[in-house]
Amino acid sequence: MASSSSLSPPKVPKELYFINREKVLNSLRQHLTETSRPLHGFVLLQGGEEQTRYCTDHLELFRQESYFAYLFGVIEPGFCGAIDIATGKSILFAPRLPPDYAVWLGKIKPLSYFQEKYMVNMVYYTDEIVGVLQGHYKEPGKPLLFLLHGLNTDSNNFSKPAQFEGMEKFETELNTLHPILSECRVFKSDHELALIQFANDISSEAHVEVMKKTRVGMKEYQMESMFLHHTYMYGGCRHCSYTCICATGENSAVLHYGHAAAPNDRTFEDGDMALLDMGAEYQFYASDITCSFPVNGKFTSDQSLIYNAVLKAHNAVINAMKPGVCWVDMHKLAEKIILESLKKGGVMVGNVDEMMAARLGAVFMPHGLGHFLGIDTHDPGGYPKGTERSKEPGLKSLRTVRELQERMVITVEPGCYFIDALLVPAMENESTSKFFNHEVIGRFKDFGGVRIESDVLVTANGSKNMTSVPREISDIEAIMAGAPWPSNKTAPSNSWK
């Protein structure tokens, strides 16, 4: 069964990063004006460095630090970049490479090459940072550097401010840049949306290829391999947005399966559900898509019950999304629909509102409904200053609690899982045991779980699903039996507009 693709990787317009820099510069200038501070100094970011594998000389494949990539688009390691707040001019600082570089790693590019490639005003070497910035600073006293330092609310790690020899000759400011730059990343430009759309298109196509070729008795890693091959072969996606989750059977209840200790290595069996969470990265921009389906191509009644519960929640959230809608309300909507479906299917009994009050939605969906998507899979900006994370089960896992706004891209990924570590305590608890049909729920002990995930753009009046994969049971079964996709009734989505 040969693979093919109707897609071709788009060129990245040079002005993408110029537009990003202008957005950040304008936001920073506005903030400085509102806080009665002078409009001078430099934004200074340090790009990523190549890393070796522990003590060896094996270089891991380099991927640029995301904030630096957002502003400059530089794919090479060892760079720094600055923006002059007074003039708006952009400056790149390239590493001065040794002559041996030309022997082992290729031609040493002149500085003019980087100036044209990355559409910046000036390029110098990194060992010239001190003199260049001092020379361009027209105010009295030490030049002021706005450095990137702030908390990533998904990882609880702090971004690393730029460092270089001679920093003592500058004033540094660590509090202003991070929230402004993170907020700019929340709202996507047309050029960014085009790249996210391509990452979705090639990843959607790859998911369908995997669906078509899945056969009972295969290894989970074979599904991962097919996905990675398709997105690289036809999409030029050398990087994946995150480690692929290829979970089958009870593994599909492990939310972040696929890590080194659970390396997608199970042989799946007839009757298993597969949960495939995989997304390619194209030119720094991510996709994040999850498909769930039976490995034998035919849904059982129990599989249909759980799958349709999640699909109903997925579709209801996307239909309700528009500017002004609170993401916490969307999470609760998904929880309620899943609980209602479980009650209708005889898995749960009693009043659904009482189940919600007891936070039983989090027993079946312990993760948040979705997250911002962009240059990072979990893009920043979910908890700006003034917002607080809930302490309640399920809600505490939300990666944002914001109201939706136009040009946000956010994943919609409801799920329903049968996780003993959550189910057993809830079923034994005096106040919540009454809601479970203990006999029926026993049928799902080794079921695993279902997740359905799409990447969704918030538009002026609603939303647009950027992901194009089969979702209805009839479509999934047809494709796994050899039918084409998109089907005649489904138009392909090759544009975010």
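The 18 residues of helix 10 (residues 327–344) should span 26 Å at 1.5 Å a residue, and the end C-alpha atoms of helix 10 are 26 Å apart, which agrees. The expected span is taken as 1.5 Å times one less than the number of residues. Helices (H or I, at least four residues) and strands (E, at least two) are DSSP runs numbered from the N terminus. This is a predicted model, in which local features need pLDDT of at least 70 and side-chain atom pairs count only at pLDDT 80 or more, while totals for chains, interfaces and linings use all residues. Residues are numbered from 1 along each chain as its sequence is written, and side-chain values use heavy atoms, with hydrogens and water left out.

- Buried residues of helix 10 are W327, V328, M330, H331, A334, E335, I337, I338, L339, S341 and L342; buried means under 20% relative accessible area, exposed over 50%, and partly exposed in between (1.4 Å probe, protein chains only).
- The cover over these buried residues includes helix 9 (301–320), helix 11 (352–357), helix 12 (361–364), strand 12 (409–412) and strand 13 (415–417).
- After helix 10 comes G346, with a positive phi near 85°.

**Nonpolar cores**

- The largest nonpolar core has 79 residues, and those with the most contacts inside it are I306, M321, W327, M348, F364, F418 and F436.
- Such a core is a set of buried Ala, Val, Leu, Ile, Met, Phe, Trp, Tyr and Cys residues joined through side-chain atoms within 4.5 Å.
- M321 is in contact (heavy atoms within 4.5 Å) with W327, M330, L404, I410, V412, V456, V458, G462 and S463, leaving aside neighbours within four places in sequence.

**Helix 1 against helix 7**

- Helix 1 (residues 15–34) packs with helix 7 (residues 190–213) at an angle of about 130°, and their axes are 9 Å apart.
- That angle makes helix 1 oblique to helix 7; under 35 degrees counts as roughly parallel, over 145 as roughly antiparallel, 65 to 115 as roughly perpendicular and the rest as oblique.
- Axes are lines fitted to C-alpha atoms, for helices over the stretch in contact, and angles run from 0 to 180 degrees between N-to-C directions.
- On the helix 1 side, E15, L16, I19, N20 and K23 meet H191, E192 and L195 of helix 7.
- The residues of this contact divide into 3 nonpolar, 2 polar and 3 charged, where Ala, Val, Leu, Ile, Met, Phe, Trp, Tyr, Cys and Pro count as nonpolar, Asp, Glu, Lys and Arg as charged, and the others, Gly among them, as polar.
- The 24 residues of helix 7 should span 34 Å at 1.5 Å a residue; the end C-alpha atoms are 35 Å apart, which agrees.

**Backbone features and prolines**

- N264 has a positive phi near 50°, although it is a residue other than glycine; N264 lies in the loop between strand 8 (245–248) and strand 9 (273–278) and is buried, with a relative accessible area of 1%.
- F284, also a residue other than glycine, has a positive phi near 85°; F284 lies in the loop between strand 10 (280–281) and strand 11 (289–294) and is buried, with a relative accessible area of 7%.
- W485 and P486 are joined by a cis peptide bond, with omega about 0°, and P486 lies in the segment after helix 15 (473–480).
- P179 is in helix 6 (residues 177–186) and is partly exposed, with a relative accessible area of 48%.
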